[in-house]
Amino acid sequence: MRIIKTAVKTFKYLYGLRFEVKGLENFKVGSPCVIVSNHQSILDMMGLMEILPDGCVQIAKKELLYTGSVGLVMYLGGVIFINRKSTSNAKMVMADVAKTMLSENVMVWIYPEGTRNGNGDLLPFKKGAFHLAIQAQVPVVPVVYSSFSSFYDRKKNLFTSGKIRVEVLEPIETKGLTPEDVTELTNRCYSTMRETFFRLSGLVNEPNGSARTHLQ
Ligand SMILES: CCCCCCCCCCCCCCCCC(=O)SCCNC(=O)CCNC(=O)[C@H](O)C(C)(C)COP(=O)(O)OP(=O)(O)OC[C@H]1O[C@@H](n2cnc3c(N)ncnc32)[C@H](O)[C@@H]1OP(=O)(O)O
Ligand SMILES: CCCCCCCC/C=C\CCCCCCCC(=O)OC[C@@H](O)COP(=O)(O)O
């Protein structure tokens, strides 16, 4: 993954993107942890590699394994593949990940929205990442990337150069939590990340829950 990271980090110069990063010290939890971040597009791969800590593996949809050389590189890079369409299968894989995290002292990076989302807000979170953290009794470390909408037109797949703000938030402890606490933990993480997303993106969180730029 270190090799992939070095290679992918250079792409930002190609695309004229800059990253403004805050809170990297929050990765130093001194133990495995589950990192959760918002997911807007394939460009997130650059954002991922920009701050990816050593000894951190990612959870990906299994379809990506069958994307030729990229799938092979991901496999060799230690990416864990899940079948999003089968909750029972995904649960089994994640239960194994909880054990491996502790035995091999690795962090796990998951996109709790479960899919790319360029709508200028966060999708409701899936609960797998939070079950994993509670099963392994490790902290959740939220990471938020500002909206790409200021420089990336998803429909035309075109983008100009731009700055992406990234914030690593305070770890959320799960020691002592049980599966009954998953919904509360998910919601707490969701609201903290959504608030940060609007702040970093210069968006105002309308009372009815929608978002608009404060420039409008
Ligand atoms: C030069 C070029 C080189 C290039 C090289 C390559 C460079 C890149 C390398 C890095 C690659 C990074 C790749 C990133 C790719 C990212 C993706 O693919 S994102 C899509 C895949 N990821 C996810 O989907 C993760 C988020 N999803 C989940 O966590 C889901 O919860 C799930 C585990 C998949 C289950 O799906 P679903 O059933 O839809 O989810 P829920 O509604 O949350 O759960 C339903 C139900 O089940 C309960 N539950 C969920 N998980 C668990 C569990 N682990 N244990 C127990 N119970 C679980 C949950 O609580 C719900 O029940 P409830 O009664 O409603 O509470
Ligand atoms: C066209 C822009 C190209 C920008 C290149 C940026 C750097 C790319 C680095 C490596 C390229 C290969 C990365 C392969 C991993 C792709 C990750 C990804 O974004 O998969 C989508 C998945 O999460 C969710 O799938 P869906 O949104 O549900 O379907």
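Biologist: How many aromatic pairs does a search of the whole structure find?

Modeller: Welcome! Keep in mind that this is a predicted model. The search of the whole structure finds five aromatic pairs.

Biologist: What makes Phe148 and Phe151 a pair, and why is the pair called tilted?

Modeller: Their ring centres are 5.7 Å apart, and the limit for a pair is 6.5 Å. The planes stand at 40°, whereas stacked needs under 30 degrees and edge-to-face over 60. The angle of 40° falls between those limits, so Phe148 and Phe151 are called tilted. Both of these residues are buried.

Biologist: And why is the pair of Phe197 and Phe198 tilted?

Modeller: The planes of Phe197 and Phe198 are at 55°, so that pair is tilted as well, with ring centres 6.0 Å apart. Phe197 and Phe198 are both buried. Ring pairs also link Phe125, Phe130 and Tyr190 into a cluster.

Biologist: Why is Asn26 called buried?

Modeller: Buried means under 20% relative accessible area. Asn26 has 12%, so the word applies. You can find Asn26 in the loop between strand S1 (17–22) and S2. Setting aside neighbours within four places in sequence, Asn26 is in contact with Val141, Val168, Leu169, Glu170 and Pro171.

Biologist: How do you know that Cys56 is buried?

Modeller: By the cut-off of under 20%: the relative accessible area of Cys56 is 5%, so Cys56 counts as buried. This residue lies in strand S3. Leaving aside neighbours within four places in sequence, Cys56 is in contact with Ile35, Met107, Val108 and Trp109. As for Val29, 27 residues apart from Cys56 along the chain, the C-alpha atoms of the two are separated by 13 Å.

Biologist: Which residues touch the most other members of the largest nonpolar core?

Modeller: Val34 and Phe130 do, in a core of 32 residues. Strand S2 (34–37), strand S3 (56–61), helix H5 (87–104), strand S5 (107–110), helix H6 (128–136), strand S6 (140–145) and helix H7 (182–201) each supply at least two residues of this core. H7 gives the most, with seven residues.

Biologist: What makes up the lining of the largest pocket, by class?

Modeller: The lining has 30 nonpolar, 11 polar and six charged residues. In total 47 residues line this pocket, and Ile59, Ala60, Lys61, Leu64 and Tyr111 lie nearest its centre. Elements that give two or more residues to the lining include helix H1 (2–9), helix H3 (44–51) and helix H4 (68–76). The volume of the largest pocket is about 1,500 Å³.

Biologist: Which residues lie nearest the centre of the second largest pocket?

Modeller: Those are Ser147, Ser150, Leu200, Ser201 and Gly202, from a lining of 11 residues. By class, this lining has two nonpolar, seven polar and two charged residues. Strand S9 (162–168) and H7 each supply at least two of the lining residues, and the second largest pocket holds about 180 Å³ of space.

Notes. Residues are numbered from 1 along each chain as its sequence is written. Chains are lettered from A and ligands numbered from 1 in the order in which they are written. This is a predicted model: local features need pLDDT of at least 70, side-chain atom pairs count only at pLDDT 80 or more; totals for chains, interfaces and linings use all residues. Side-chain values use heavy atoms; hydrogens and water are left out. A nonpolar core is a set of buried Ala, Val, Leu, Ile, Met, Phe, Trp, Tyr and Cys residues joined through side-chain atoms within 4.5 Å. Buried means under 20% relative accessible area, exposed over 50%, partly exposed in between (1.4 Å probe, protein chains only). Helices (H or I, at least four residues) and strands (E, at least two) are DSSP runs, numbered from the N terminus. Contact means heavy atoms within 4.5 Å. On a 1 Å grid over the protein atoms alone, a cavity is a set of points where a 1.4 Å probe fits but cannot get out, and a pocket is an open set with protein on both sides within 12 Å along at least five of seven lines; lining residues have an atom within 4 Å of a point. Grid points are joined across faces, edges and corners, and a volume is the space filled by probe spheres set on the points. Ala, Val, Leu, Ile, Met, Phe, Trp, Tyr, Cys and Pro count as nonpolar, Asp, Glu, Lys and Arg as charged, and the others, Gly among them, as polar.
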